[in-house]
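Please keep the sequence and the structure in view while working through the numbered points.

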Amino acid sequence: MLPPSLTSWPLRESLSREGVSGARLWIGRSVRLLVVAGLTWSTVAGPHFRGWALVAALAGVAATLVVFRAFFRVTRDRLLGPSVGLLFVLEAAAFGFSFAGARLPAIVLWCACAIIAMERLPLAAGVLCSSSALAAYAVMNTDGWLTTTTTTAGLALAGYVIRLDAEARGNAQRLLAQERAARKAEAESAALAERGRIAREIHDVLAHSLSAQLVHLEAVRQLIQRSPDLEADRAQLLERVVACRGMAREGLDGTREALSALRGELTPVEDFLRRLAATEGARLDVTGAPRVLPAEAGLAVRRVAQEALTNVRKHAPGARVSVRLDYGADEVGLEVRDDGGHGRAAGLSALSASGSGYGLLGMRERAELLGGTLESGPDEEGFVVRLRVPA
């Protein structure tokens, strides 16, 4: 059993012209044209072919060129049997030229067969076919043993060097194709990640703003539905409508901020939390040495604070809320805690069903994407949300 290195075909990239520079292609075409012109001229100008013999010789040259093209095609398709068969047809044509007295075309054909066999066939088959062509050349050559030996060794070495060059070019083309595929996959992955980021931004902004408006609108609906005298509840209705307008303005500001975040333009986290805490009536405490946070970490703190305060407004209206921002050595922490909402209004418990229900899940996914953690659940009297992300 021969090892795979002897029976495997050259890479498809090395058997094609892919990756070959324009200068090399031009040189290769020029050499082939000169060889064909030399074969034709040596046949026409030689003293051995006249009349119908000359016509037959030119037909033989044309047939040889056709066989060469077929050989190149079947080797690209990796068909070993037809490739070896066509190569032996070329060697037989060389014997025909030699016996007919056209020595130069015969030598050119044997040399060409020796080189292309090494370049385009599996190494084991290439060595056998190249050896047979060189042996035929050595037997039929009459220039002396030294010239014959030197030429034979040079042709064998040239064929092997051309094979190594083609393999190197094929490997380079394959690596280039793999790199292009990897870059394409990386670009697609980045596009998907960016789509996910935009989706999270849209959810965070809209869920915070619209669910807050929904709370107040639901309260207005219940007041209108329960009250026999709307004029008596005018002040409460007006308060709720004004609150809805404020939430709409807040949503618009949040949308603008999300667009700024997508462009990499963010206000400082502390300023954002102060404005948010003032709007929600929460207490803000900052511990540690303040510093500029990375964009993704700062955005996570903003969105988690918004979502946590939205949940307090929905599920525990009237609760006292405290927000703590903690700057650690290599991370930042955020804690949002409420006392359970002792001032819960009658009938507002139904509002807890509003919203998409994916707020905590979205916050947790955001934290995990940054290598952080998010914990949420009941704590003593109320509910607490804790976020920690590297920063």
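Predicted model: local features only at pLDDT ≥ 70, side-chain atom pairs only at ≥ 80, totals over all residues.

**Notes on helix packing and the sheet**

1. Helix H10 itself covers residues 269-280.

2. Is Glu270 buried or exposed? Glu270 has a relative accessibility of 14%, and it counts as buried because the cut-off for that class is under 20%. When neighbours within four places in sequence are set aside, Glu270 is in contact with Leu284, Val286, Pro290, Leu325 and Tyr327.

3. The pairings may now be taken in turn. S1 and S2 pair in the parallel sense, over five bridges. Within this pairing, Thr287 stands opposite Asp326 in S2. Five of the seven residues of S2 are buried, so this strand is largely enclosed by the rest of the structure.

4. Strands S3 and S5 run antiparallel and are joined by eight bridges. Here Glu331 stands opposite Pro390 in S5. A further point applies to strands in general: in a regular strand, side chains alternate between the two faces of the sheet.

5. How many bridges join S4 and S5, and in which sense do these strands pair? S4 and strand S5 (residues 382-390) pair in the antiparallel sense over seven bridges. Two of the facing positions can be located in the model: the bridge partner of Pro378 is Phe383 in S5, and Asp379 stands opposite Gly382 in S5. S4 and S5 form a hairpin with two residues between them. In the turn, Glu380 has a positive phi of about 55°.

6. Helix packing requires a word of introduction. Two packed helices are described by the angle between their axes and the distance between the axes. For H10 and helix H11 (residues 295-315), the axes come within 10 Å and cross at roughly 10°. H10 and H11 are therefore roughly parallel to each other, since angles under 35 degrees count as such. On the H10 side, the contact is made by Val269, Phe272, Leu273, Leu276 and Glu280. The H11 side contributes Gly298, Val301, Arg302, Ala305, Gln306, Leu309 and Arg313. By class, the contact of H10 with H11 has seven nonpolar, two polar and three charged residues.

7. What angle do the axes of H5 and H7 make where they cross? The axes of helix H5 (residues 80-99) and helix H7 (residues 123-140) cross at roughly 5° and come within 11 Å. These two helices, H5 and H7, are therefore roughly parallel to each other. In H5 the residues taking part are Leu80, Val84, Leu87, Phe88, Glu91, Phe95, Ser98 and Phe99. They meet Ala125, Cys129, Ser132, Ala133, Ala136 and Met140 in H7. The residues of the contact of H5 with H7 divide into 11 nonpolar, two polar and one charged.

8. An unreviewed UniProt entry places the feature "transmembrane region" at residues 51-72 and 84-117. In the model, the chain over residues 84-117 is 91% helix and 0% strand. The end C-alpha atoms of residues 84-117 are 9 Å apart.

9. The C-alpha atoms of Leu238 and Val220 are separated by 9.0 Å, although the two residues are 18 residues apart along the chain.

10. Finally, some totals for the protein may be recorded. The protein has 12 helices and five strands. Of its 391 residues, 39% count as buried. Among contacts between residues at least 6 apart in sequence, 69% join residues at least 24 apart.

Terms used: Residues numbered from 1 in each chain as written. Heavy atoms only, no water. Helix = DSSP H or I, 4+ residues; strand = E, 2+ residues; numbered from the N terminus. Buried < 20%, exposed > 50% of the residue type's maximum accessible area, 1.4 Å probe, protein only. Contact = heavy atoms within 4.5 Å. Pairing = 2+ DSSP bridges. Axes fitted to C-alpha atoms, helices over the stretch in contact; angles between N-to-C directions. Parallel < 35°, antiparallel > 145°, perpendicular 65-115°, else oblique. Nonpolar A, V, L, I, M, F, W, Y, C, P; charged D, E, K, R; others polar. UniProt positions renumbered as here; feature names shortened; annotations may be inferred.
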